[in-house]
Amino acid sequence: MEYQFNDNNFRSEVLESNIPVLVDFYADWCGPCHRMAPIVEELAAEFDGKIKIGKLNIDNNQTSATNYDVMSIPNFVFFKDGKVVNQVVGGMTKDELKAKLEALL
């Protein structure tokens with residue numbers, strides 16, 4: 001299941017999560033973000049219950065984007081125990097993203 005993160009639920013859904021979290025910082029106008037969307041959605045289903053995977057629209061949630069220095073998108077931020085453990089900017093293949101997720105487990 002793909003989550004929808006925002007400034008209001010970021011603390012409870014991401015920072016206080018009892019499982020690792022991937023936040024896909026994106027914007028509706030971003031072409032590469034649209035190309036990554038089906039990959040993120042597929043991996044969210046594959047890792048359901050093991051890793052919380054979701055999206056955060058930077059235009060509507062500027063506080064969270066600013067807090068994590070999101071300057072370019074797509075921007076994938078990996079959290080474990082409420083802390084950033086990895087961050088990747090730009091598109092990638094499904095296998096590349098899957099390998100990064102498996103490293104979280």
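Which strands does helix H4 lie across, and at about what angle does H4 run to E4? Before I answer, a word on the source: this is a predicted model, in which local features need pLDDT of at least 70 and side-chain atom pairs count only at pLDDT 80 or more, while totals for chains, interfaces and linings use all residues. Residues are numbered from 1 along each chain as its sequence is written, and side-chain values use heavy atoms, with hydrogens and water left out.

Helix H4, residues 94–104, lies across E2, E3, strand E4 (75–80) and E5, and runs at about 15° to E4. Helices here are DSSP runs of H or I with at least four residues, strands are runs of E with at least two, and both are numbered from the N terminus; angles run from 0 to 180 degrees between N-to-C directions of axes fitted to C-alpha atoms, for helices over the stretch in contact, and contact means heavy atoms within 4.5 Å.

The sheet itself is open, with five strands in the order E1-E3-E2-E4-E5 and mixed pairing, where two strands pair if DSSP finds at least two bridges between them. Its edge strands, each pairing on one side only, are E1 (2–4) and E5 (83–89). Within it, E2 (residues 21–26) and E3 (residues 52–57) pair in the parallel sense over six bridges, and tyrosine 26 has asparagine 57 in E3 as its bridge partner.

Turning to helix H2, residues 31–46, we find Cys33, Met36, Ile39, Val40, Leu43 and Ala44 buried, meaning under 20% relative accessible area with a 1.4 Å probe, protein chains only. What covers these buried residues includes E1, E2, E3, E4 and, once again, H4.

Technical notes
Buried < 20%, exposed > 50% of the residue type's maximum accessible area, 1.4 Å probe, protein only.
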